[in-house]
Structure formats: C-alpha cells, structure tokens
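Please keep the sequence and the model in view while reading.

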Amino acid sequence: MIIRISKITLISFLLFSCEPNLVDDPIPVVNFDDVVINLSFPAYINLNKEGGFKDISDLGGGVRGIIVYRLSPTAFVAYEKNCSYTPNEACSTVEVHSSGLFMIDPCCSSSFNFSDAMPTGGPAWRPLRKYRTQLNGNTLTITDEIID
Ligand code: FES
C-alpha cells in the first residue's frame with residue numbers, strides 16, 4: 001500500500017511539475033491623461049519607420065511608463081512598461097533590450113516581442129498590457145483605454 005501511494009505521488013509529480021504557475025497579481029490599472037506625440041518632432045524620428053520604437057516614459061502615462069512601437073505605416077502599439085510577471089515588485093519594469101529587437105525586464109529576464117508583447121522567455125506567461133492609440137496625420141495619441 002505504501003509503495004502504491006508513492007507511485008501515485010511520483011506520477012502526479014511527473015505530470016504536473018512542468019506546468020507553469022499561472023497565478024499572479026493583476027497588473028495595476030491607472031487612469032492618465034491622453035499622451036499626445038507629434039511624430040514630426042526629432043525626438044520621435046525612430047517612430048517614423050516601420051519597426052521603430054520609442055520609450056515615452058518621460059511624457060507620463062501608464063503605471064511605469066509606456067513604450068510605443070510602429071507596426072505598420074498606419075498602426076502603432078503602446079505597451080505598458082509594468083512587467084506582466086509579479087507586477088507589484090519594485091523592479092518589475094520592462095525596457096527595450098540593447099539590441100533594439102525586443103523588450104525585457106532585467107529584474108528576472110522575462111522578454112517580450114514587439115509585435116504583440118507576448119512573452120518569449122523568462123517566467124512571464126502573460127503579454128504586456130496595451131493601451132489604445134489613435135493616429136491623426138502626424139499626431140499620435142495614446143489613451144488609458146486598455147485593449148486586448
Ligand atoms: S518582474 Fe518581470 S520578469 Fe521578474
């Protein structure tokens with residue numbers, strides 16, 4: 001009987017030990033005034049090309065700031081910099097990797113791709129939050145509306 005229980009325990013361990021822990025704190029929600037960017041200003045020159053990005057944390061907005069990425073000539077995404085993994089940790093903040101190819105939280109190395117902010121490495125299992133963007137001519141507006 002003792003051996004039988006041990007076998008069940010072992011099988012359970014093998015079955016479930018590789019499952020990620022999908023329990024985490026929610027990413028905090030904050031309201032903020034619209035962030036408005038004039039894309040013709042030199043500071044935002046990198047956003048004038050497809051695949052360009054800019055950390056606009058100096059303008060306010062978001063819980064820990066925002067990174068904007070240009071997906072296409074007409075589409076931008078605005079990512080919350082608060083890491084989706086243990087977001088309440090003091091160090092839980094994402095930045096653009098020095099390669100410029102993806103985003104990373106140096107705290108415990110969760111990485112996120114630019115196109116949809118899905119995690120590509122590290123302990124994070126949720127994407128980064130996205131805020132609504134509106135393009136009107138050369139003016140890009142980021143609102144506090146959270147989108148999927
Ligand atoms: S807090 Fe983001 S990976 Fe650790």
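## Strands 9 and 10

In strand 10, I147 is the bridge partner of K130. Strands, like helices, are DSSP runs numbered from the N terminus, with at least two residues (E) for a strand and at least four (H or I) for a helix. Six bridges pair strand 9 with strand 10 in the antiparallel sense; two strands count as paired if DSSP finds at least two bridges between them. The two strands form a hairpin with two residues between them, and G137 in the turn has a positive phi of about 65°.

Strand 10 is also joined to strand 1, by four bridges in an antiparallel arrangement. There, N38 has T139 of strand 10 as its bridge partner.

## Basis and confidence

The model is predicted: local features need pLDDT of at least 70, side-chain atom pairs count only at pLDDT 80 or more, and totals for chains, interfaces and linings use all residues. Residues are numbered from 1 along each chain as its sequence is written.

The average pLDDT (the predictor's confidence in each residue, from 0 to 100) is 89 for the protein, and 86% of the residues score at least 70. Over residues 8–19 pLDDT stays under 50, and the model has zero contacts beyond four places in sequence for them. A contact requires the C-beta atoms of two residues, placed from the backbone, to lie within 7 Å.

Strand 4 is largely enclosed by the rest of the structure, because five of its five residues are buried. A residue is buried if 20 or more other C-beta atoms lie within 10 Å of its own, exposed if 12 or fewer, and partly exposed in between, with C-beta atoms placed from the backbone. Both faces of strand 4 are covered: buried F76, A78 and E80 lie on one side, and buried V77 and Y79 on the other.

Strand 3 runs antiparallel to strand 4 and is joined to it by five bridges. A hairpin of five residues links strand 3 to strand 4, and Y69 stands opposite V77 in strand 4. Strand 4 is also joined to strand 9 (residues 130–136) by two antiparallel bridges; in strand 9, Y131 is the bridge partner of A78.

## The largest nonpolar core

A nonpolar core is a set of buried Ala, Val, Leu, Ile, Met, Phe, Trp, Tyr and Cys residues joined through C-beta atoms within 7 Å. The largest one has 25 residues, of which I66, I67, V68, Y69, A78, Y79 and M103 touch the most other members. Strand 1 (35–38), strand 3 (66–70), strand 4 (76–80), strand 6 (103–105) and strand 10 (139–147) each give two or more residues to this core.

Not counting residues up to four places away in sequence, the residues that I66 touches include V35, I56, A78, Y131 and I142. In soluble globular proteins, nonpolar side chains tend to be buried together.

Four strands form an open sheet in the order 5-6-7-8, with antiparallel pairing. Its edge strands, strand 5 (95–96) and strand 8 (119–121), each pair on one side only. Two bridges join strand 5 to strand 6, and E95 stands opposite I104 in strand 6.

C83 is placed in the loop between strand 4 and strand 5. It counts as buried because it has 29 C-beta neighbours inside 10 Å. C83 and T93 are ten residues apart in sequence, with their C-alpha atoms 5.1 Å apart in space. Beyond four places in sequence, C83 touches residues including T93, D105, C107 and A124.
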